[in-house]
Amino acid sequence: MTDPSPPGSKLDTTVAHPARRYNYWLGGKDNFAADRESGDQVAAAFPTVRIAARANREFLKRTVEFLVAEAGIRQFLDIGTGLPTADNIHEVAQRIDPRSRAVYVDNDPLVMSHARALLTSSPEGRTVYLERDIRDPGSILDAPELRDTLDLGQPVGLTLVAVLHFVRDHENPYGVVRRLVDALPSGSYLVLSHGTYDGLPAGVVERLEQANAASGGLSRTRSRAEVDRFFEGLELVEPGVVPVAEWRPAPGAEIPDPVDICMYGGVARVR
Ligand SMILES: C[S@@+](CC[C@H](N)C(=O)[O-])C[C@H]1O[C@@H](n2cnc3c(N)ncnc32)[C@H](O)[C@@H]1O
């Protein structure tokens, strides 16, 4: 992508943004110099970050397959979607049931400009894209486009994958998740993954925090206990909250060392 952004655009390409940095780590082209610089700083401290991004993406795919094939979920609310890539949620779900529906939400205007790729639904299903901020869950739940696409009387798969570590403590991350979950009927599911420093040597954490500070304190990783707390009151499905690569891995898959990935993930049913 050419720098800088077009005049009049809401895009600020001079600061790193999570969607574009993640796109850089996944080998995509939708990123700018500031994203690459921040991405390289993180990679210098944590050289397996690209493997981690892929492991997170594969976790998302396996959990969506589980929800459609085993839990009977046919509608998804995905917040913190990221730039379109291979195996977007509706593509994974519609391979199993073409009637599956998805509402995608992200706060990066660049995702909006690529949203066409998220709107390639099967004729039987439906997808919409909303530019909203997870920190304002009411604006997502009340959006007419969401209400036109999802039936909130029927179970929904709420996917918050690698997004909550961009919600800092003073921004009420637990309250945000509670508000979203409370809007869904019994039999819905929460899929969540979250970055952690658990298990990393102190020197690596220090360098990662320096990289984080250099990018304006983009992220707030959380410990195992802090990630568990997002699932309070819900019924975790086996194997519970685990390093993402250990969540129901494909048979024969090579499982990376958790400290090379540094992401927890879990799936839970709404009672
Ligand atoms: C690391 S990417 C994860 C993308 C995708 N969920 C996945 O796991 O492959 C994080 C995404 O969350 C989005 N994001 C960060 N803060 C957000 C916020 N406050 N509201 C909505 N989206 C946000 C970013 O724009 C980015 O697209």
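This is a predicted model: local features need pLDDT of at least 70, side-chain atom pairs count only at pLDDT 80 or more; totals for chains, interfaces and linings use all residues.
**Around the ligand**

Let's start with the ligand, which is surrounded by 20 residues. The closest of them are Tyr22, Arg57, Gly80, Asp106 and Val161. Sorted by class, this shell holds 8 nonpolar, 6 polar and 6 charged residues. Helix H1, spanning 18-25, and helix H3, spanning 49-69, each bring at least two residues to the shell. H1 gives the most, with 3 residues.

| Residue | Part of the residue | Ligand atom | Distance |
|---|---|---|---|
| Asn56 | side-chain N or O atom | oxygen | 2.8 Å |
| Asn107 | polar side-chain atom | nitrogen | 3.4 Å |
| Val161 | backbone N or O atom | nitrogen | 2.8 Å |

How much of the ligand's accessible area does the protein cover? On its own the ligand has 600 Å² of accessible area, and the protein covers 97% of that.

**Where H3 meets H4**

H3, one of the helices that supply the shell, also packs against helix H4, which is made of residues 89-96. Two packed helices are described by the angle between their axes and the distance between the axes. For H3 and H4 the angle is about 35° and the axes are 9 Å apart. Their crossing is right-handed.

Key:
Residues are numbered from 1 along each chain as its sequence is written. Side-chain values use heavy atoms; hydrogens and water are left out. A residue is near a molecule or strand if one of its heavy atoms lies within 4 Å of it. A polar contact is a pair of N or O atoms within 3.5 Å; within protein, one must be able to donate a hydrogen and the other to accept it, and residues adjacent in sequence count only if both atoms are side-chain atoms. Accessible areas come from the Shrake-Rupley method with a 1.4 Å probe; for residues, only the protein chains shown count as cover. Helices (H or I, at least four residues) and strands (E, at least two) are DSSP runs, numbered from the N terminus. Ala, Val, Leu, Ile, Met, Phe, Trp, Tyr, Cys and Pro count as nonpolar, Asp, Glu, Lys and Arg as charged, and the others, Gly among them, as polar. Axes are lines fitted to C-alpha atoms, for helices over the stretch in contact, and angles run from 0 to 180 degrees between N-to-C directions. A crossing is left-handed if the near helix is turned anticlockwise from the far one by less than a right angle, and right-handed if clockwise.
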